[in-house]
Each structure stands twice: as structure tokens, then as C-alpha cells.
Amino acid sequence: MMLIPCPHCGPRAHAEFTFDRPVEAITRPDETPDALVRNLFSRENPRGPSRELWRHTYGCRSWITLTRDTATHAITDVRPVGVGA
Amino acid sequence: MSGGQRLSTGGLIDRSQTLRFRFDGRDYTGHPGDTLASALLAGGVRVFGRSFKYHRTRGLLAAGVEEPSALVGAGEGGRFEPNTRATDLFLYDGLVAESQNRWPSLALDLGAVNQLIAPFIPAGFYYKTFLGPPSLWKLYEHVIRAAAGLGRPPHLPDPDRYERRAAFCDVLVVGAGPAGLSAALAAARSGARVALVDLDSQLGGSLLGDPAQIDGQPSKDWIAGVEAELRGLAVRILTRTTAIGYYDHDMVHLAERVTEPGALPGPDGIAQRMWRMRAGRVILAQGAIERPLPFEDNDRPGVMLSGAVRTYLERFGVAAGQRIVLATSSDDAYRTAIRLCDAGVRVEALLDGRPADGIDPALLRRARDRCPVETGVAPVRAVGPARGVTGLETRAAGGNVTYMADVVAVSGGLTPSVHLHMQAGGSLDWDEGQGIFTPKDPRQGQVSVGACAGRFRLAEALADAWRAGLVAAEATGHRPVADAPPRSEIWPFADQASAFVPAPGVNPKKVFVDPQNDVTLGDLDLAWREGYRSVEHMKRYTTLGMATDQGKTSNLMGLARLAQNEGRPAPQVGLTTFRPPFTPTTLGLWAGEDAGFHVTPLRRTPLYDLHAALDPPWQAVGYWRRPRAYLRSGETLATAALREARMVRTTVGITDVSTLGKFEVSGPDAAALLERVCATSVSKLAVGRGRYTFMLREDGLVNDDGTVWRLGEDRFLLTSSTGGADRMAGLISYVRNVLYPDLRVGAANVQEHYAAIAVAGPRARAVIAAVVEGMVPPRHMSLDRGVVAGVPVLVIAASYSGERAFEVYAPSHQAAAVWTALSDAAQAQDGGLYGLEALEILRVEKGHVETGGEIDGRTSAHDLRLEKMLNPRGGYMGQLAQQRRAFADPDRLQFVGLESLGGPIPEGSMLVERPGFAVQGHVTAAGLRVLEEGFIGLALLKGGRARLGDELLAWSPTRTASARVRVCEPHFHDPAGERYRD
Amino acid sequence: MTRRESAIVTDPVTVSQPQPTRLVRVEAFSADRAFAKAFKAAVGAAVPAVGKVTDAPAGPVIWAEPKVVLASGDAAALAAALSDVAAVSDVSGAWRRIEVTGAGWRGRLMIDGLFDAENPAFATGCVAATMLHHAPVMLCPTGDEAVSVYVAPSFAEDLRAALAR
Amino acid sequence: MKYSALSLLRAGLGGHKDWPRAWRDPEPKPHYDVIIIGGGGHGLTTAFYLAAVHGVKKVAVLERGWIGGGNTGRNTTIVRSNYRLPELHALMELSLKRWEGMSDEINYNVMFSQRGALFLGHSDSDMLQLAQKGDAMRADGIDAELMTRDQVAKLIPLLDVSRTARYPVQGGLIQRRGGTARHDAVAWGYARAADRLGVDIIQNCEVTGMDITGGRITGVQTTRGPIGADRVGIAVAGNSGRVAAMAGLRLPIESHLLQAFVSEPVKPMIDTVIMTQSLHCYISQSDKGEIVLGGDPDAYPTYSQRGAPHIIEKAAAEALALVPALSRLRMLRSWAGTTDMSFDGSPFIDATPVEGLYFNGGWCYGGFKATPGSGWLFSHLLARGENHPVAAPFRLDRFETGRTMDEPGVGPMPQNR
């Protein structure tokens, strides 16, 4: 079970969090149709460091971005997103 | 005379107490501190079980968890545990155990006939035969399955409980042998929060079977002293606890056996406990596992590991046999020979495969003082019947010599236990001389000390472990103490040579590498000849190392054979993957508290107890439970539901809708946020008014629907379906926090703040007027606030049933009084309660789409006839994605109504021209006209919007039911909505 | 030689029935001084720091999310007082409070838990939101031998039974 | 040498000395008509059908490790075609029919056991959904039968059918032709059969780059040197993203992880494959006697092939809720595979924008049952350059057009699947 260092709550078990998407897949409603298809419906899907959007759903409910190595699960550079960022 | 016997003195057992137990129907005795293995060995038992394929007799090989052969069924009834290692069960009074995988009995097992056809059933034979159609394989399979499997399957539910517990520490030490104790002491003295776990029943590890002098005192006393000091330093000490899995970021799962297999638990009823231990640093001190030697019939009962023979002697006071011969390629066996002789047990000879000049002369002298020692001698064949070995044939320069013995103690050297290091993602070094892999790069916070790091000399292990303890304490923020590490007497002899290659002339087909799965060197050679040359192919083709011991004593010998066949060094050939659990772990323990009824949480609405008192049939909706109907005596579910539906159409009914999603959005940008989340316009809504809305997913398909209400200039209430509530909470939070963090708005999830009670029917207005003080019943799609029985309520005039209806929102902890008041008023109007079934009948007749029904995650706004409500200004989630070409395909499945031209329409059935014709759609909901005759339904039909009037067959082959139907508008009841006007 | 007692503090605890709360959700439009001033005036206690609880006359004030605080009191009054600096919603019905009292409360919260309640740093004045027996909860120690466990009403009955087991 | 009881008998008398290698270990040739990247079940069946059905002579399968080492060797061995959507019916039923002739087709016993694949229903609404799935199957010519609680109880004596269970059993939907198969045997069997038709199976040969000139593929770079080809087919499941990236392609695929675990072997106790509408666990018993269990995927992208323990805990709890007698069995081993999750849960069998380069992937966690069907369809595409009708809907551009096939209707985020 990964340990995710929440910027507000400190290190917590990843069962308290939910993965939402890679940051590249964040699509605003006002994007162009091509950008939408590119961001939402295709992925770089790297084997290695990947910038991701998670939420501390069963903790402080805040959103965070972090870099996680998809092979070793090493987690670095955790930052709050949006409100209170 | 042959077989084990209890010596009059010695062993760490409590001879003052006698424990009685049964094995295969016979009574035996033992003492506290015995394992089932040591007690049976003391009782002269030699055959413990039968092997998987050839059903050859199996004795006791080891003393620890690496035991591959002595597997028994332990306990009775719901506590019966098959495949239990006799070495991993500490004796208790009244234990009942049985041998397994034999019919009719252990002594006479018909399965042994497989040995006659052994030449025709080598590894992988089943891939080459039993060919033909699957129907033929089914017949063969029936026989194969009956023969396969080891223990008897349990068939009763488990009466005991399993607890799961989180725990945290700075330093976790796995293994409480000399190295583990030293590391734990160093870390604890330095002030770290330490946990020390060991799978044995007491601390000491290898010292229990191999006592030594440490810090000038016998190891027994040293251990007791260290344990006392550790407890004084608040170290959490867990015995009978196995570190079974090393997971991400130094989380280690520890399986604690609170009770022995089959034993009764204490008052708390807990049989085992799983610890989720999060550690800062992990010090692995798991020790090493001894390797057997390759010779013919080396699987005979009586062939045992040399360290095990020593442990049975020193720890359990049991001589494994009357006359013992030792064969070794390591110094370790010398200690066994010396201790046996000192205890008066007859040692026929100590046979060392290494040349004389490869052995320390001082060690040879010590052994030769006590028993004959020969060097350069390799074992060739175990002599003796299936019942048990009677001697060992060996080859030496002078020729073959056979030594008579009832126990052949073997040692091919020690293999460091690198399982957890590898599970953590570590890598390995290879030492060709000793034939061992040792831990290299850790990758996580683990370090290996002592024998599991390849450090077999006690003095060296103690010092190395002490340093590791200090480093771990410092790494977790504590100042390391300056004390000196524990010192032990110097016993320098710890050399070993790998002895994987059998003596010349030995028949590989008779050399057992994996005794439980009956895998021989011959099988490994066959696999290699046939091209299964990756270590993983060899393992899977021969099933080497796939038994319950997972190859703890066999994997390396198998790997060495492959390397020999390949002509490549072992590290290039590689090992198979180390996977959790380290030792097999009870499924009930994995399930923890969630077994049985608590497999998932049960969410109760605030009015649950009021419903439960009427004992309604429940409908699971996610983790919620909602009443389906309130049956009166003599009613079936169907008749009750129809009565309730008619009641709502004619008088008034109330129902609990508390599970709906509810969000209170407030602030200057509240409308702006809602117009991102909802696909309909919201900002033009007048205060006090509400309207239907729906939400799209980012891929443009409909996600959920609900209603939105303007409570104030900057305050809205948004509702969504029960099924969609959690999805909507996530979507709103994503839009608010990630996409538009700068909006001045707050979005509160008030799903559980409000209980919600729907009041529907022609007399609903009268009920509201009678019960709610301080307001006039709001007109349709309007809201107002009032008081019911002293409780402040919000009343919104929304309808799902198609009747004039209201939803009364009250704070959850005050809702019971509101329900009772409304219920009494409804009964006064000849109305009453209605449940989900009636609600479904009503909404189908009205033609409302439902999340999970028509909104099936594959339908668009246009498919569901909702496109006209889309917000013309756009900017809502999913807006762009719904412009993709396929959304305009004419043959999309579109929402329609169905009128039956005959009987009831089977719900879920396929819409076809005629049976067997192409499927053109399916029935999403089936119902009936509540106050008139006729069966109706809702459906999704290809190009449905343009096919009003078409006639089709609603066909259900699985229920052999069908109905001819005509496509129509999906609104059967009051399409114009006149009933909403007062 | 017999099995060592497992190293767990098994002191008894008493578990109360779920109690209603008077919590009000206050989401600051921006966490600036204006908000802090208005909040202190309206609630009678300072805005709690991250992971902290402050005490106000009407009851505890609990940090919940970035820019979100759960104050105790009357929702309408707070909404009026804070309308231009925060979004205020009554969530009193969305939480229940279960009191766990006794020396063993920290050990009890480790069962089927994810959070380190045995860490002495987690003491009176702290709040930790986590999962306990599969239920989302907020844990607020209120003394050396007492902790308030806030949980949504729908999970409250199962959680109380699990804690009392 | 043909495998049969007779040949086994004859070999037994000779000490099994003369069995030939099941597949050769050739050096890579400079050029092939078709290269398949990925030596799993899908790659090997594709190569076999290219040679056996389409007569393509020079075919190579390039496997970076050992054949069958990816998802082929990591799944829970379930074979069925009880899906809901028509496009998946056609695909999975084509595959199931090929399973029924597989052992004879490749003269290698894959132990395909048609013991029935049963979905349990725990409420009237579950039973309605199962009836709908069954009706959809029967309408497309696939066997499906509803079962009452008593019939289910007779089929699975150890199932908890008590009314007070958290998920009381109401009945089920069984596909009798579904069941299990020995996963390793599928890889080895097709490798042997393909090798006998001249296909080169090249292990320890990782593709490290693609040679593309003028928008057309001419070959690949590998750890054993460059190899030319007229057409290249990608069938690497969880590594689809990384291999496609070598050709500059971004795929609608995210690599996730699914765990599975087995118990110690016991005598027969479960004779059919158990799945359930309301829970996510699935249960069967291998011929060796191990209970094979699986549950939820780990909901985040990963190539680690190592899952989180709380997922296993949930799967064990669900399995015990259905079959309480499993409690005292012990878990012997747990592992994980890398699942190539597509964004509607359906696979891709299609050409790519690079001429001569074709892609087969996106099988999520349901690829094993589709192994022979996937090979049949992908070989058709590789041999003829245009898709088989059954494979036509599984286009790479379906997310641009919107013609998605989302069976559970959960939308584009793979972790919700």
C-alpha cells in the first residue's frame, strides 16, 4: 500500500486517496475538439515518472498533483491543486 | 528398532506437563514447547504423508516452515485446516490431526500405483495426451481432479474471528534470532519506536536449536535478558507472527497466529490477527534455510536436514533416530555430529563430500574425537523400503560403501532467505563458491543482516546487526547509542561448498528435487531437452517450486541443474519471482473483519429503523438498502406494489427518498459553477423556483439527472440520483477545485444532512397543508420553508410519480417526527406508505428516465429526448465530446415507449422482428397502466425516435417469454402534466 | 514457553451511541485576513490551523479541508454574518459523534484503521480524517482517555458496533 | 513428433530421450514477411494462423523475455463469451468456438474444461440484468441459461444461499460452454504448432525501435540487431503504450494492474467458475486443486506487476461472503499482471497511421478468453491488410468518432472499469 505525503495531512496510506487521471488528461470544457480527443482519449502512459492528479478523498478531500514512477511507485513533488493551493 | 525417541533430559520443553493429542486415530503425548512434528517424531512416527503425484511415502525433512512433506489436516469442524505443516503447529492439549492425500490409509495408499506407471507420466505428460474434444477432456478431468489436490477441503463455515490492525514503527525487525535481537536492542536503546516479530513461539531463532555463549552467558539466558530489556524499552514484540508480504513504501503485512491451527480461541474469539505495519526502516533477519543433497531415493522417510536433526535434539530433546549417518558439503553438519555424540546418540559416520584439504583441520579433529569422519565421500542412494531409510550407499575413491542408519542427516549448505528483500524490489549478488544468492541493492528501506545476508558466523552476525540497528535508529531521527555490540564465543567454522551436482552414476530420474510435487532431476533434464529453458518455463512445465513450500528447499538445486544444462552461470539463468505470502496465509485472515455480513458496509437512511419495524423486503442500492413495498397480510410483493401505486394515483402516498444525492452550492459564482456541472441552464432560475436538470460525462454521454432549486440569490440545492450520488460528488469537486479554483463558491455535500420524504398524489397538497405550518403548499416546481412538529423543513414541489408531489427535506436527526406526522396525515387522507416497486411502476407509466435504467452510461442527451434542454450558452462538461460524429448516427439506440399488444412485456428482453432475427433494441423497464388495463414498457430502440407505430416482438429466450409491442411516445400518464396544476 | 501475550494494549473502552452534532460548513472564498477576522467575530474562536481543532462557546471548530472549517452553531446566523467572505451550509445532520472513552482508545482506533492513532503527537486539539472500518471518519482526541469519532449517519450504526466489538 | 497417448507410451519405454524441442531457438533472419512483437497468447496464435490459414511463409514472433511470460501466464484462466454488447458477442464467441477445437488444432492438451461460467444474482434487479444479458446472448446465438437458487445450490454445494446473507443468492446465469483452461499450455502449444509451420519464435529479443521511412514501416531495431519486415503487428498488452510510442503513436490505453491469488491445493470443492453481479470477486478451482481467486483491479496506472494488499483483502472477504468454507484454506501465492486498459473496455484490432504497422491491444483484464479469436482476426488483418468483419468495430479512431463500445457504461476513466 503506497504512502502518499498529503500536503495537509502528512503521509497517509493510499487507500485514503483516489487516482483521478494523469495531469495531461485534465480537459476544460472550453478546449478545442482536437485537444479534447488528444487529452481525454489518448495517453503517454509512461513506464517511469508520470505527473498525476490524485484526491485525498477519505482524508482532507483536497486535490493534489504528484510525480509517481509507474514502475517503482516512488512518489515525489506532491503539490496541492486548486482551492488552498 | 528405528525412528525417533524422547531423550530423558534436555530441550526447551516443559516436561512437567503432558499434552494429549491424536494423529490418524492413535493417541500420542507431548509437552508444552513441542511442535506436532517433534511430538510425533518422539512417538516413533516416520511416515507423515504421501507425495502429490506418485504418492510416495513422505517423512519429516525439516524443523521449520520450509518443511515440504509433513503436511497434515489439523482441527475439527469449521476449524479444520488442511495442508498444515507439522513443524508449524505448537502442540496443545486435545489436538486432533490426520495425515492426507492417501486412500484408504497412510500405510496402504492405492495412489502409490502411480509409481508403477512412473516411466509414462514424467513432467508435463498431461500436455501430450488426453487430447480430443473438450467433452472427452471433461471425463479425464474428473479422474485427474479426484487424484489431485492434497488435503481434504474444509466444508463448514469458520466459527472464529480474524482481526486486522494498523501499526506504525520507526524500525521493524523481522526475525528474533541472534541478529534480530541484536539489531532490535541497538535501535531500541537509541530511542527508536521498534517492533520485533518472529514466526516461532519464542525468541532466539537459530540459537534455540544451536545454543552458544553470548556476552559470557548461555544463549538461553542472553535471550531472556534481551527480551526483558526490549519490553522495558516498549518494543512491540510479536511471536507466532510471520512477515508474509513486503509491499510499497515499507508496508509489511504481519500474520499473527493468536491460536494454533484447529485450536479454540480465547474469549475475544480471535484466531489470527493481520498487522498492516508501516515502518520507517526494515531490518530483515530471517536467517537461512538448509539445502538437501542430490542422491537416489533422497525422498525416503528418515532423510532429514542436518540442522533439523540438531534442533530436534537441542530444542525438543528428541533423538531423530537410533543410528544416524551424516552427509554434508558444509561445516554446519559437524556441529550436529558433535552434539549428537555428546548426547549419547549413535553416529555411524560423518561423510563430507569436500576433499580433506578443503576442510579446516581443527574442525576435522573436533569431529574425529567423537565419530568416524570420511572426506571426499558423496551420497549415491538411500537404502531401505518405503517405510523408511535403513542406510546410505556412498561413493568414495575406494568404491561404494553403505552405512546402516535409520536417519540420514544431510546438509548441502545454507541458503540465505532473501524472500522479503526481493518482494521489496531488491536485487541479488551470487557467490559461486558457497552457491548462494545474497541481497544487493535494497530499493526500499530494507537491510538484511545475519544469515539471510550470507553472514553465517555468529560473532560477525551480532556485530553487523547491531550496526544496522544504530543506522536504522539514526535514519528515523534518533541518536545512536555508543554501546558495544553483543560478543559471542568464536566458532569460526562456517564454510560451505555448493553440492548441487549428484555423484557420477546417480540416476537423475530417482533424485527428488521437489519432494512434494515429485519433481526429479530427470524431469528438469526432460524440460530442458524439450526447449522449456527459461527458469520460469522449467518451473511451470515441471511444477518445481509450485508446491505449498514454494521451493524453499528445492528452487536453488533446480536452478543449478538448469545452469548446468545451459552451460551458463546461475545468476545469468536467474531465479523465479518471489511473491507474497512468505508462507501460506489463511484466507479468513485476509478477509479480516469483513467476512460474512460485513463484506461491505451497510448504509442506513435516517428513517431506517421506522422501515425495519415493518420488516419490508429490502432492495440493495449500492451500500444502501431501501424498502421495496410495505406488504399487508396475504399480499405478494407484486400485489402490494400495485396497491401502493394505485394509492398514489388516487389519494396520497409517502416514501423515503433520503438516499438521493444532494448538494448545497452557495456564493456569488454558485450559478456559474452549476452551469459547468449541469448541461441545462441554471442562472435564469428565479429564487424559489426549481427545474429538472441532467449532467453529462466528459465523453458527452449522460451521467446522471436530478433537479436544481434556487434557495436564494446565491444559494442553490442540486439533487441527483442515488446511484449517481458518489459520482456527482466527485465531479462537482473536480470541476470546482481543479478546473475553476478561482470561483467564489462553496459546494457542500448535504446528501446525509437532509432526510427527504416524498409526498405524492392528488391529496398530497392537502397533507402538506395539514402538516407543514408557516407556509402554503408551493406550486409545482416551486419551494418554500415551513415547520413540521417543531422541525424546520424545506419543501420542494417536485414529482417523479407523475402526480402532484412534494419532497419534504428535514435535518436527518429530526426526521423521524416529520415522517410520523406526514404518515399520519396521509393515512387520514386514505393514503399511506409506498416503496421502490410502486415508485418504479409510477415513474415508468409517467415515462421518467432513470439512472441505471435508460441512463445506462451509453446514451446521449439526444438519445434520451433531452437535447432541447441543453444550455445554449454551452461551457458544460461533456459539451464538446457530444459533438462527435457518432452522436448523430441515425441508428443509435433511442428512448421510446412500448405498448403491449398482448400480455406483460418481459423486462430486459430483446426487441426483434421475430425470434432469431437481428436485435434492434431492448426493454429497459416493464410496467403496466396503474388505473387502466394494459401492459407498457420503456425501451432503447435503434433509430427509435423515427419509428413510432412500428410493431416488434419483445423476446426473452432465457425466460421463454415474449410480447408483441407497438412503439409509442414514452409518456403514458398525463403527458401534458395537467395533474401538476392545483 | 507457552505463547507470549500479543503486544497489544487491550484496556477496555466504552463506546457511546451516535450523537447529533451542530456542525456548520464554512468554505472561505479566499483564506485571507478579512475572512479570519469575520470568522473570529462570528464564531468566537480563531480559524483552526491545518489539522487542528479550536474550541468556541457553541462547540468545537474543526479544520476539514483547505479553506473549509466545520464550526458548531446556528447555520442561518453564521451564514448571515459571513455571507460575503464564505459559503456557509448547515451540515449538522450530515455528521454523528461517537464518543470512545478509556485508556485503550488509541489501540481501538488501530483496528481496521489506516491512521497512526497510537502516535503520541496525535492528541487533544488535533483532527485526522481517515477511514475506519471502511467508514470515512474524523478523529478528534478530546483528552488523554477520550476521542470523538465523527461519522456520517448512514455509517454510524455499523461503526459503533465495530468499535464496541 | 505427434503428441498422443501412444507416442507417450513409446517414449516412456525409451526413457523420453527422443522428444524433439517443442519450438526451435533460431537466430533472427534479416527479413520477414510479417513480424509479430509480443510472444504472448495473442502474438503466438496470430503467427500460427498467418502460417496455417493464410500461408504466409516468413513470420517471426519477437519476445523480449520468455513466451507466455506476460498476461498469458498471469490470468485466472477463465474462458467465456457471456458479454452484453453484440460486437463483443461476435468477437468472444468466435474465440470460444476456436477454444473448442484448440487441443486438436495444435495437438497440445490445453485442458479446456467446459465446466460452466456462472454469474450469480443477489436480487430481483440482478436477475433482470442477468436475464437481459442472457437474452442478448441467445439472440446472437450464444448459449445462456437462467438458473434458480436451488439449481445454483446444487451446482455449488458450498455456496452460502441463506436468505440472511449480506448478498443472498437469488439465482444465476450460466454459460455451460464457458470454463477454464491451462494458460501456459496455450502459449507453448501455439508456439510448437507455429514453429512446425516454419514460424521463427525468437525469445530474449526486445524491440527497441522502429524503422519508418516515408510513413511506412520497414523493420524494427532489437536487442539482437535490426530485423526487416513488410508488415509488423504489435501484440504486447500492458506494454502497448511504450511500443507504439516507438512509432510516434499515442494510444487510448493506460496500463493498470490486476491481482490474482491461489490457495493451497485441496481435493475438489468447487466445480464451476463463479462470478457475481453485485460483487467483484471470481472463484474457480484449478485441476491441481488450487482455488483461483481474483477481484478488483488496482485503480492507478502501473507497470510494477505488484499490487496493493488491501485489494486482496477485499477480494478474499467477497469470496468468503459467497463460499464461507474457503476461510481456513491458505493463500499460497499472489501475483499481478499489467492490464492494457482501453477507454471503453473494448479492445483494438486495427491498422495504425503508419503504413504496414498494425495494432492489437486494449484487452483490459479479459484478454485470455479472447486469445484464439484475437489471433484469428489479427492474422486476417496482417495477411490481407483489411479487417475481418468481426474485428471491424474495434478501430483505434473510435474515440474521435464516438463509436465506443462501453459494456458497463462507466465512461473513459480506466480506473472506474
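Good morning. Please note that this is a predicted model, in which local features need pLDDT of at least 70, side-chain atom pairs count only at pLDDT 80 or more, and totals for chains, interfaces and linings use all residues. Residues are numbered from 1 along each chain as its sequence is written, chains are lettered from A and ligands numbered from 1 in the order in which they are written, and side-chain values use heavy atoms, without hydrogens and water.

I begin with chain C. Four helices and 11 strands are found in chain C; helices (H or I, at least four residues) and strands (E, at least two) are DSSP runs, numbered from the N terminus. Along the principal axes, the C-alpha atoms of chain C fill a box of roughly 70 × 30 × 25 Å. Of the 165 residues in chain C, 61% are buried, that is, under 20% relative accessible area with a 1.4 Å probe, counting protein chains only. Among contacts (heavy atoms within 4.5 Å) with a separation of 6 or more in chain C, 59% join residues 24 or more positions apart.

I turn now to chain B. In general, strands of a sheet pair through backbone hydrogen bonds, either parallel or antiparallel. Chain B has an open sheet of five strands, in the order β3-β2-β8-β6-β7, with mixed pairing; two strands pair if DSSP finds at least two bridges between them. Its edge strands, β3 (26-30) and β7 (81-85) of chain B, each pair on one side only. Within chain B, strands β6 (residues 71-74) and β8 (residues 95-99) run antiparallel and are joined by three bridges. For B:G73, the bridge partner in β8(B) is B:E98.

Notes: Buried means under 20% relative accessible area, exposed over 50%, partly exposed in between (1.4 Å probe, protein chains only).
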